[in-house]
Amino acid sequence: MKPASATVNLKLASILGVANSSADPAQLADYEVDRVRPGIVLRPGSAAEVAEVLRLASAEKLAVIPCGARTKLAIGAPPQRYDVALDLTRLNRIVAYDPGDLTLSVEAGLPLVTLTETLAEHRQMLPLAAPFTSRTTVGGTLAAGVDSPLRQFYGTARDYVLGIEFVTGDGSIAKSGGRVVKNVAGYDLHKLLIGSLGTLGVITTVNFRTFPTPPASRGFLATFPGPEGALELRAKIAASQLQPLTLEILSPELARIFAERTPKLPDDCPPPGPWFSTMEWTLAAGFGGNVAVLERCARDLTQLAAQARATNTVVLGDEERPPVWGRLRECIPLLLDASPLATIVKISARPAQLSRLLPALQQTCEQRGFPFVALTRGVGVVYLALLPWKSDAEEIRRLAEICAHLHDQGTILGDHVTVPWCPTELKRRVSVWGLPRGDLDLMLKVKDVFDPQHVLSPGRFYGGV
Amino acid sequence: MDPKIDAKIIHELEHLLGKDAVLSRPEDLLMYEYDGSVEKARPDCVVFPRITEHVVQIVKLAKRHQIPIVGRGSGTGLSGGALARHGGIAIAFTRMNKILEMDYENQRAVVQPGVVNMDLTCAVQHAGLYFAPDPSSQKACTIGGNVAENAGGPHTLAYGVTTNHVCGLELVLPDGEVVRIGSKAPDAPGYDLPGLLVGSEGTLALVTEITVKLTRLPEAAKTLLAVFETPDDTAQTVAEITARAITPAACEMLDGWTLRAVEAFIHAGFPLDSGAVLLIEVEGLREAIEAQAEEIINVCKLHNAREVRVARDERERQLLWAGRKNAFGAVGRLSPSYYVQDGVIPRTKLPLALREIDKIGKRHGFEIGNIFHAGDGNLHPLIMFDLRDPAQFERVVACATEVIALCISLGGSITGEHGVGMEKDRLMPLLFSEADMALMKRVRDAFNPGLLNPGKIFPTGKGCGEIRVRPMPISSAAPTSA
């Protein structure tokens with residue numbers, strides 16, 4: 001595919017003016033996706049400008065990758081083509097906030113941290129404690145489909161996004177949903193956009209329902225000699241009346257990384273403190289409520305942990321929580337920093353499958369000389385990090401071999417295996433989205449409706465979409 | 001579209017499904033020409049598949065003969081979603097009513113679409129679980145219907161609507177292909193197709209199997225009845241409960257007219273001389289609900305509640321809820337017909353909206369009762385009228401349109417849980433731009449080139465005159481003197 005011509009770049013630049021477009025190689029380097037460099041970067045200031053760019057891109061058959069703070073562009077397969085980087089960080093307004101109604105409307109390029117601060121003034125929150133918190137944008141977080149520890153209680157973005165305005169690949173501004181907390185008018189197209197990795201439309205405005213910040217919160221840690229005890233406690237909590245806000249299980253090797261590292265970016269994640277047992281498995285839970293509720297949760301959790309034969313339990317107060325909480329939220333960037341070839345495999349399973357899945361994954365890793373670094377969310381999602389020390393072709397070969405094995409084994413023991421984060425070299429040898437299932441044809445139909453010319457992020461998504 | 005269902009096709013269907021699974025005599029079809037709305041449209045035949053393969057064969061046959069098809073559960077829908085607007089075959093899923101799997105460990109159940117909502121809860125509650133969406137019709141409505149309409153209910157305030165509780169579907173596409181989307185495990189790769197399908201009102205595919213999440217039953221619940229002199233105080237209370245970020249499991253409002261209608265029928269204990277009541281429920285840990293109930297009582301008193309009663313036992317609690325859930329039936333005793341709206345508004349606008357709706361009713365000369373999910377701003381104004389008088393029907397449609405226009409002007413929506421169907425299609429342009437609807441239509445056309453549930457959601461361009469009038473509504477069988 002030939003790159004966009006200089007004439008086309010001129011046309012694109014004329015839409016937004018020189019100030020908001022650039023073909024400077026130094027700047028373009030910052031927008032590379034899997035080492036593919038765009039020909040131009042555009043920074044639209046409105047949905048109308050986004051639409052104009054996409055109409056031209058459709059006419060000229062250019063490939064456009066929308067982005068925010070560019071913290072998650074490594075997710076997905078390498079782009080088939082990439083002409084235009086569409087930087088949405090100028091779309092950064094809070095459009096409306098009605099604290100009394102617990103609803104909020106923001107532009108896609110708004111930094112998540114600005115949103116969090118605004119809500120905090122009204123003791124409200126968005127349960128979107130996404131990684132790269134200090135930099136990431138609202139739109140990028142949604143489009144990349146990353147999850148957060150808070151999904152244990154609050155679900156994922158699809159459960160609290162009320163509506164989205166977006167621009168389709170052919171440059172039409174459309175919306176679905178609305179601003180009210182309950183609404184069944186029209187199709188929920190916005191749900192398709194969440195996690196679509198910029199392949200269906202460019203998100204320009206998002207409406208959320210917000211949540212009250214719990215009056216107080218606590219953390220709870222319990223340690224176990226092996227994964228069985230931690231999983232038993234997970235099952236006991238699931239069968240109890242307790243509704244923790246977060247629930248994760250850390251392998252000892254993950255705890256070691258947490259104990260040794262502090263995330264580079266966020267300033268709300270203090271040094272580790274003595275909270276990570278590097279020899280044992282840890283179940284970490286967070287819970288919120290009034291004082292009576294917190295006391296009850298601490299009491300019940302301690303009791304359940306004892307029944308599951310925990311070697312130690314500790315309740316974390318406001319002072320002790322941030323080092324643990326911050327690392328759980330920033331787990332992905334911490335792991336990516338831990339190795340030059342960091343590869344993160346995501347395995348989704350039904351929770352009851354975990355008791356077979358985790359030992360099998362551990363064996364797979366250890367047989368191949370990889371330490372078993374795994375974060376397991378209580379809902380049944382395992383992030384398994386493969387962290388070679390060296391960076392050479394042999395390591396890529398080893399990674400490719402274990403990923404292939406995990407694809408086979410993981411789909412037997414779990415339901416879905418994907419490789420959301422890995423080096424570009426590995427992407428040529430590993431299918432990052434796994435084998436397509438019977439639902440791919442429907443997804444291709446959806447793609448063709450939203451983006452008939454395949455202008456948006458071609459090739460990066462599931463099934464080569 | 002002009003469906004040509006002749007004896008030969010009926011015979012083919014009988015051959016496929018058995019004679020007892022096909023209805024085609026006019027007197028049998030009468031039962032299937034309506035749902036819970038004011039709409040009416042008669043199918044040419046009704047079929048009762050038992051397994052997915054039956055559905056595949058029916059769909060293929062319909063495609064071969066170019067006959068429209070529409071899925072149907074128990075017919076409790078309130079927007080005409082399951083009506084055969086252009087005739088053809090109604091596929092009634094009521095015999096596909098097996099619970100296929102109860103997976104307690106993973107808190108999932110796999111059901112056929114014809115399973116009645118309440119039956120699933122009954123089947124799993126011995127394990128301390130239930131299916132959270134609880135539409136008022138839950139004793140009759142099917143989970144397939146809930147999925148099609150993305151049904152809500154009083155307790156969806158805290159637990160979310162149907163879409164938040166569905167994680168996988170088996171579909172039969174309009175060409176007869178069977179596709180599974182989503183999964184029991186979280187985060188199926190690719191686009192969130194279950195998110196698109198749930199609430200698509202049976203216009204994209206027929207759903208033949210549903211994987212749902214099960215929710216743990218709370219250990220404690222407290223049900224409060226707050227009694228007010230005026231609807232305005234009641235609305236202010238709801239706005240403040242929301243603003244203080246207290247999240248009850250349910251927060252329902254009945255205005256004076258409605259609560260008197262209900263009381264005469266159910267004897268739930270609503271004070272007859274009050275202006276409005278709030279039925280509020282808090283659920284969860286014992287330690288949490290005590291404090292919540294106390295704060296709610298304080299807010300009620302702050303806004304001049306005459307009294308706040310706490311249900312003393314389960315019997316009293318059930319009685320209060322019976323009052324709420326049977327309200328529409330009770331209203332049927334007092335008015336020959338009623339037209340229920342389903343608009344949504346931001347909670348902060350509730351007091352204003354109720355005052356305006358009252359004015360709209362007065363202007364059009366109709367009594368409007370309000371009984372609704374106040375906690376999430378989902379209004380259900382009931383406009384009382386007499387369907388037997390065609391002039392009244394035209395005025396009631398005008399009145400309802402004004403109510404909906406009001407909701408939209410306040411930043412709301414035309415429907416919170418009942419769906420667009422064939423009732424509100426003409427209102428869609430008030431909410432969505434041409435581009436919005438063009439995209440939605442393209443999505444529909446990509447899934448469904450035209451035979452599946454035609455004439456729904458999108459405006460037909462024929463205007464209100466086309467709305468079907470039921471000549472003698474079911475409710476008129478009851479005495480009409482109030």
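**Ground rules**

I am working with a predicted model, where local features need pLDDT of at least 70, side-chain atom pairs count only at pLDDT 80 or more, and totals for chains, interfaces and linings use all residues. I number residues from 1 along each chain as its sequence is written, letter chains from A and number ligands from 1 in the order in which they are written, and take side-chain values from heavy atoms, with hydrogens and water left out.

**Entry: helix α11 of chain A**

I looked up how covered helix α11 of chain A is, residues 321–329. Helices here are DSSP runs of H or I with at least four residues, strands are runs of E with at least two, and both are numbered from the N terminus. Seven of the nine residues in α11(A) are buried. Buried means under 20% relative accessible area, exposed means over 50%, and partly exposed lies in between, with a 1.4 Å probe and protein chains only.

**Entry: α8 against α13 in chain A**

Next I checked how helix α8 (residues 227–238) of chain A sits against helix α13 (residues 354–367) of chain A. Their axes are 10 Å apart and the packing angle is about 155°. I take axes as lines fitted to C-alpha atoms, for helices over the stretch in contact, with angles from 0 to 180 degrees between N-to-C directions. α8(A) and α13(A) are therefore roughly antiparallel to each other; under 35 degrees counts as roughly parallel, over 145 as roughly antiparallel, 65 to 115 as roughly perpendicular and the rest as oblique.

The crossing of α8(A) and α13(A) is right-handed. That word applies if the near helix is turned clockwise from the far one by less than a right angle, and left-handed if anticlockwise. From α8(A), A:Pro227, A:Leu231 and A:Arg234 meet A:Leu354, A:Ser355, A:Leu358 and A:Gln362 of α13(A). Contact means heavy atoms within 4.5 Å. By class, this contact has four nonpolar, two polar and one charged residues. Ala, Val, Leu, Ile, Met, Phe, Trp, Tyr, Cys and Pro count as nonpolar, Asp, Glu, Lys and Arg as charged, and the others, Gly among them, as polar.

**Entry: α16 across the two chains**

Which residues of α16(A) meet α16(B)? On the chain A helix I noted A:Leu442, A:Lys445, A:Val446, A:Val449 and A:Phe450, and on the chain B helix B:Leu439, B:Arg442, B:Val443, B:Ala446 and B:Phe447. The contact of α16(A) with α16(B) has eight nonpolar, no polar and two charged residues. The two axes come within 9 Å and cross at roughly 150°, and the crossing is right-handed.

I also looked at A:Leu440, which belongs to α16(A), residues 440–450. A:Leu440 counts as buried, at 13% relative accessibility. Not counting residues up to four places away in sequence, A:Leu440 touches A:Tyr462, A:Gly463 and A:Val465.

**Entry: two buried strand residues**

B:Thr223 is in strand β12 (residues 220–228) of chain B and is buried, with a relative accessible area of 1%. Its side chain and that of B:Arg317 are joined by a polar contact of 3.3 Å. A polar contact is a pair of N or O atoms within 3.5 Å; within protein, one must be able to donate a hydrogen and the other to accept it, and residues adjacent in sequence count only if both atoms are side-chain atoms.

In chain A, A:Arg377 lies in strand β17, residues 373–377. A:Arg377 is buried at 5% relative accessible area, and a polar contact of 2.9 Å joins its side chain to that of A:Glu248. Beyond its neighbours within four places in sequence, A:Arg377 has contacts that include A:Asp147, A:Arg151 and A:Tyr383.

**Entry: B:Ile414**

Is B:Ile414 buried or exposed? B:Ile414 is buried, at 0% relative accessibility. I found it in the loop between α14 (390–409) and α15 (428–431) of chain B. Among its contacts outside four places in sequence are A:Ala185, B:Asp342, B:Val420 and B:Met428.

**Entry: positive phi**

Most residues other than glycine have a negative phi. A:Ser457 has a positive phi of about 45°, sits in the segment after α16 of chain A and is buried at 0%. B:Asn304 has a positive phi of about 65° and is partly exposed, with a relative accessible area of 49%.
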